[in-house]
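Good morning, and thank you for making time for this presentation.

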Amino acid sequence: MPQGWTGRREAELSGQRALNRAPLPLLARGLPWLVIVLGSVLQTLPVIASAPVMPPFGFLFLLAWRQLHPGLLPVWAGLPLGLVDDLYSGQPFGSAMLLWSAAMIGMEVIESRFPWRSYVMDWLVAAGVIAGYLVLASGLAHATSDRAVTVLAPQLVVSVLVFPLAERFISACDRARLWRFRMGG
Amino acid sequence: MAPPNARRTGYSRRAQYGTFFGYLAAIAGALVGALALAVSFLDPTAFSGARGLAADAVAPAGRVVAAGRSGGQSALSSLWGYFTWGPRHAAMARELEVARVQLAEARSQTAENHRLKALLGLADADPHPLAFARLIASTASSPRRYATLSVGRDRGVTTGMPVRSAEGVVGRVLEVAEHTARVLLVTDPESLVPVMRARDGLPAFAQGHGDGTLEVRLISLGINPLKAGDVFVTSGSGGIYTPGMAVGVVVSLTRDGAIARVLSDPTQSSFVAVYPSYAVAARMPEALAPPPPPPAPPAKTKKKKKPAATAEAQ
């Protein structure tokens, strides 16, 4: 078949022979988890901040994976990933475990309610979830003191605007997830 | 396009159970999170061991990033320096003249202080830094203000030690792991530093404001005597911070206090020093009050500290 020939020709030209190559199961399944954990760790490193300024990258990546590739992460993924985030984020321990689990359930409900979606709709939903997450997380962090949530505004704006970039990054990761490696001999 | 509905499991019993238990696990996860949260509210140090291990694990990456961070900052500032070199040089030359005179005066006063302290038989508490370190990470995406130090138990750091940079107080050590330590920055809303006005010793508390500034709350209420530009230093009460470490300078007044800018901006300081607690350095460890800051609602704290303040005034 002509189509098959061209496909094979392209694969040969791009250095990927079709035969004898397959995605690594570990990478295909593990990459989403790894990327989100890296997001949680890396959000603490670049700056020594004197106000909450960095978007919560772990959470953004979780949302992006959930929206770009539903079903790849199980509904309960919020617990283990939130645990790692709690170790680094400085929030009271358990805050991300609770809020990320709730977000995953919430996204599931939203998806079943509004199965017809568009890019703008996805972004709006993500913005709403991010806003809710930041406000609730701040409430938990300041449960024992009396601080206003006004400091959150810059972080919220940055997070919502950065989300499409996070989605771009995650979609690149999603392609890398299925890179084909030489198997066996 | 509507996405394929993963919830429609068809007749496969296995798929049905899989989806069902997925939801159960998610709800259980949320409950576990709520439980952990309750535990950490009751005992904030409950998970410090796990946090310490986690911080130790990424410390090497943090060290590399911290070195790069200070390198980048110095490159930017030297670039900027080319543009502002002339006027700054002139201003610095003028300041140097004044400072030389003041330094000579200060030296004589230090000598006099030593003499007077010797007369009174007071131990001269001039703590030497225990370790120098970098701040390698911070909770940049959380409203809480913690930073991670690149030294820990291996260099003798223990809980409660003050951390300062050349410009002033940075915070105090809250949790210690083997190679890292967690510092509560002075800008954290739950950090409460006993301070006094450098000029006349007017006592106050400096509490973090959450946005990088400090809220100065006076201990004795009444007419607000503060002015923009007042400098606050640690007062030494509480036994953690050595008296006289710079904390902040007032930028605007509030009804019963002021908002102060932190003098030692942790974003700028690449190296910090860990000191022994003041009470330990002064060989009076029994004076070390149980860590003062955390929860207590502000009104209560004021009331509790008031007798001490009046005693001081007398």
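Predicted model: local features only at pLDDT ≥ 70, side-chain atom pairs only at ≥ 80, totals over all residues.

Residues are numbered from 1 along each chain as its sequence is written, and chains are lettered from A and ligands numbered from 1 in the order in which they are written.

Let me start with chain A. Chain A contains seven helices and two strands; here helices (H or I, at least four residues) and strands (E, at least two) are DSSP runs, numbered from the N terminus. Read from the N terminus, the order of elements is α-β-α-α-α-α-α-α-β. Of the 185 residues in chain A, 41% are buried. A residue is called buried if 20 or more other C-beta atoms lie within 10 Å of its own, exposed if 12 or fewer, and partly exposed in between, with C-beta atoms placed from the backbone. As for contacts in chain A with a separation of 6 or more, 69% are between residues 24 or more positions apart; two residues are in contact if their C-beta atoms, placed from the backbone, lie within 7 Å.

Helix H2 of chain A covers residues 25-42. Its 18 residues reach 25 Å from the first C-alpha to the last, close to the 26 Å expected at 1.5 Å a residue; the expected span is 1.5 Å times one less than the number of residues. Where does H2(A) bend? The bend, of about 45°, is at Leu31(A), and a proline, Pro32(A), follows within four residues. By bend at a residue I mean the angle between axes fitted to the seven residues ending there and the seven starting there. Both Leu31(A) and Pro32(A) are among the buried residues of H2(A), which also include Val35(A), Ile36(A) and Gly39(A).

Next comes helix H3 of chain A, residues 57-68. Its 12 residues should span 16 Å at 1.5 Å a residue, and its end C-alpha atoms are 16 Å apart, which agrees. Because 11 of the 12 residues of H3(A) are buried, the helix is largely enclosed by the rest of the structure. Among those buried residues are Phe57(A), Phe59(A), Phe61(A), Trp65(A) and Arg66(A). The buried residues of H3(A) pack against H2, H4, helix H5 (95-113), helix H6 (119-141) and H7 of chain A.

Within H7, which covers residues 152-177 of chain A, we find Ala153(A). Ala153(A) counts as exposed because it has 10 C-beta neighbours inside 10 Å. The C-alpha atoms of Ala153(A) and Pro52(A) are separated by 9.6 Å, although the two residues are 101 residues apart along the chain.

Helix H4 of chain A brings us to the other chain. H4(A) is mostly covered, with 11 of its 12 residues buried, including Asp85(A), Asp86(A) and Tyr88(A). After H4(A) comes Gly90(A), whose phi is positive, near 90°.

How does H4(A) meet chain B? The axes of H4(A), residues 78-89, and H1(B), residues 13-42, come within 9 Å and cross at roughly 30°. That makes H4(A) roughly parallel to H1(B). Specifically, Gly78(A), Leu79(A) and Gly82(A) meet Ala26(B), Gly29(B), Val32(B) and Gly33(B).

Turning to the whole contact, it takes 50 residues from chain B and 50 residues from chain A. On the side of chain B that touches chain A, H1, helix H2 (48-120), strand S1 (131-138) and strand S2 (146-149) each supply at least two residues. H1(B) gives the most, with 14 residues.

Finally, chain B itself has four helices and 12 strands. Buried residues form 38% of its 314 residues. One of its residues, Thr213(B), lies in strand S8, residues 213-218. Thr213(B) counts as buried because it has 20 C-beta neighbours inside 10 Å. Leaving aside neighbours within four places in sequence, Thr213(B) is in contact with Ile259(B), Ala260(B) and Arg261(B). Thr213(B) and Asp188(B), 25 residues apart in sequence, are 9.2 Å apart in space, C-alpha to C-alpha.One point of terminology remains for the helix pair: axes are lines fitted to C-alpha atoms, for helices over the stretch in contact, and angles run from 0 to 180 degrees between N-to-C directions. Angles under 35 degrees count as roughly parallel, over 145 as roughly antiparallel, 65 to 115 as roughly perpendicular and the rest as oblique.
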